[in-house]
Amino acid sequence: MEETIAAISTASGQGAISIIRVSGKDAIKIVNSIFKGKNIEKVKSHTIHYGFIVNNQEEIDEVLVTVMHSPKTFTKEDIVEINCHGGIATTNKILEILLEKGARLAEPGEFTKRAFLNGRISLLEAESVGDLIEAKSEAQRRMALNGMSGRLTNIIRNIRNEILDIIANIEVNIDYPEYDDAPNVTPQLLKDKTIKIEKDLQLLLDNSKIGKMIKSGIDIALVGRPNVGKSSILNALLNEEKAIVTDICGTTRDLIEAKMNLNGILFNLIDTAGIRESEDIVEKIGVNKSKQVIETADLVILVLNNNEELTSEDQDLLKMIQEKTHLIFINKTDLETKLKLSINENVIKGNTKDLNGLEKLKKKIMELYHFDKLKEKDLTYLSNIRQINLVKESIKSIEQIHIDLKKEIPVDMLEIHLRNAFDNLGILIGEKYEDELIDKLFKNFCLGK
Ligand SMILES: Nc1nc2c(ncn2[C@@H]2O[C@H](COP(=O)(O)OP(=O)(O)OP(=O)(O)O)[C@@H](O)[C@H]2O)c(=O)[nH]1
Ligand SMILES: [Mg+2]
């Protein structure tokens, strides 16, 4: 981290301004050598200065330069940000001159990596920076921001401290059995303490399911027999003619996906081919895809036709979705009711002609995941597989303690499991890390962050 790094931090393309960021011990010196206006090596920290970027006397651009001294900066190093005119040519030219003067082009995510390695943010917070950049919905944005605030890191840190306390206590019991101040860690005490730890970890894990859904969007599949109105419902929910609708059975033959944003939550709507026995090769493939989607979707909406009696195919579909999180939408209520259905739970009725029931359907989806209450709730969730797996591993270690305690294995032999949990939680927040993992994580970032 001796080298001074530079990169364009704004998106490439045309814009009114672009920002080039320089970080490292020579950041101020390097920018000063190409800045005409004043000597920025002599200015106060966290100030902005007007002038020109020059290259061998030639004026390249009129700029504003922000000078920030270590350690109160994003990377904890000296940082200079050059606000120049937008556009690829100018921005690239300034970057090129900076590189000639001794800066090195930053790798993707390298600024954030330095922020982490210099102890400004935890690994969880760093990952949230990436999430924030990628956020496409309001809930994703809020979740990422909460991650960056360090709340989650603090929760993990507290759990780690509790584990460390127990480990320390066991060690004292072993090394200084005569020392009365440290309570004796009896099997019962260990059990009580680890039950609480397991509960805290389990809560994180349970909540992470919502976190993952918010982050990757929730897959909702519209399934049913041909012609019940699946594509019409997709179009009505999106308020656009995305899918082809006709009165011909088997109109939709492939999966059609579209994003729907409901009160800041992102959903992936998937319209499917109507499920029926078919000899047509293309339709058959489509029907198989529909069946697969029933397996993989987070939520399945089975569409039935109010104007027809329940068929054996409908009954098969009802069985297929039983184990899944599902809703049943009885469509075509504008037509005569011929359908008799004994189920009432999670059933919504409506139609796509006068759009009756569609608002109810949206509301029900929000309620199903408790998203209707999300505003008051604090979105502090684990948000990726790496984080989730480490919590799972930690829970496994704690569970092993409970198994071994039942077998009356002595407390001091269970310390190893506590250490494993402690280490895994350390990896989670980046207090214990491998260089290779860190390199890989930060490479996912965009350039200049
Ligand atoms: N009366 C009435 N007709 C509807 C309603 N919804 C859809 N339809 C009609 O039903 C027919 C089939 O609609 P689609 O949306 O193509 O049905 P689908 O389930 O996607 O059919 P496939 O793609 O063949 O599986 C079209 O003629 C629609 O106009 C409704 O609520 N009421
Ligand atoms: Mg269709």
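Reader: Which strand does strand S11 (residues 299-305) join, and through how many bridges?

Author: In general, strands of a sheet pair through backbone hydrogen bonds, either parallel or antiparallel. In this predicted model, six bridges join strand S11 to strand S12 (residues 326-331), and the two run parallel. Within this pair, Ile-301 stands opposite Leu-327 in S12.

Reader: In what order do the strands of the open sheet lie?

Author: The order is S9-S10-S8-S11-S12-S13, six strands with mixed pairing. Strand S9 (256-262) and strand S13 (347-349) are the edge strands, as each pairs on one side only. From one strand to the next, the twist averages 25°.

Reader: How many helices and strands does the protein chain contain?

Author: The protein chain has 14 helices and 13 strands. Its radius of gyration is 29 Å, well over the 22 Å that the globule rule gives for 449 residues, so the chain is more spread out than a compact globule. Along the principal axes, the C-alpha atoms fill a box of roughly 85 × 80 × 40 Å.

Reader: Which domains does the domain assignment give?

Author: The assignment gives domain 1 (5-122), domain 2 (151-213 + 384-430) and domain 3 (217-373). Between domain 1 and domain 2, the C-alpha centres lie 45 Å apart.

Reader: What percentage of the residues in the protein chain is buried?

Author: Buried residues account for 37% of the 449 residues. Turning to contacts between residues at least 6 apart in sequence, 63% join residues at least 24 apart.

Reader: Where does the backbone call for a closer look? Which peptide bond is cis, for instance?

Author: The bond from Ser-70 to Pro-71 is cis, with omega near 5°. Pro-71 belongs to the loop between strand S5 (58-68) and strand S6 (79-85).

Reader: What is the phi of His-46, and is His-46 buried or exposed?

Author: Phi of His-46 is near 55°, a positive value in a residue other than glycine. His-46 lies in the loop between strand S3 (35-36) and strand S4 (47-55). Burial is judged by counting neighbouring C-beta atoms within 10 Å, with 12 or fewer taken as exposed. His-46 has 12 other C-beta atoms within 10 Å and is therefore exposed.

Key. Residues are numbered from 1 along each chain as its sequence is written. Chains are lettered from A and ligands numbered from 1 in the order in which they are written. This is a predicted model: local features need pLDDT of at least 70, side-chain atom pairs count only at pLDDT 80 or more; totals for chains, interfaces and linings use all residues. Helices (H or I, at least four residues) and strands (E, at least two) are DSSP runs, numbered from the N terminus. The radius of gyration is taken over C-alpha atoms; the globule rule is 2.2 Å times the number of residues to the power 0.38. A residue is buried if 20 or more other C-beta atoms lie within 10 Å of its own, exposed if 12 or fewer, and partly exposed in between; C-beta atoms are placed from the backbone. Two residues are in contact if their C-beta atoms, placed from the backbone, lie within 7 Å. Two strands pair if DSSP finds at least two bridges between them. Axes are lines fitted to C-alpha atoms, for helices over the stretch in contact, and angles run from 0 to 180 degrees between N-to-C directions. Domain bounds come from an automatic or database domain assignment.
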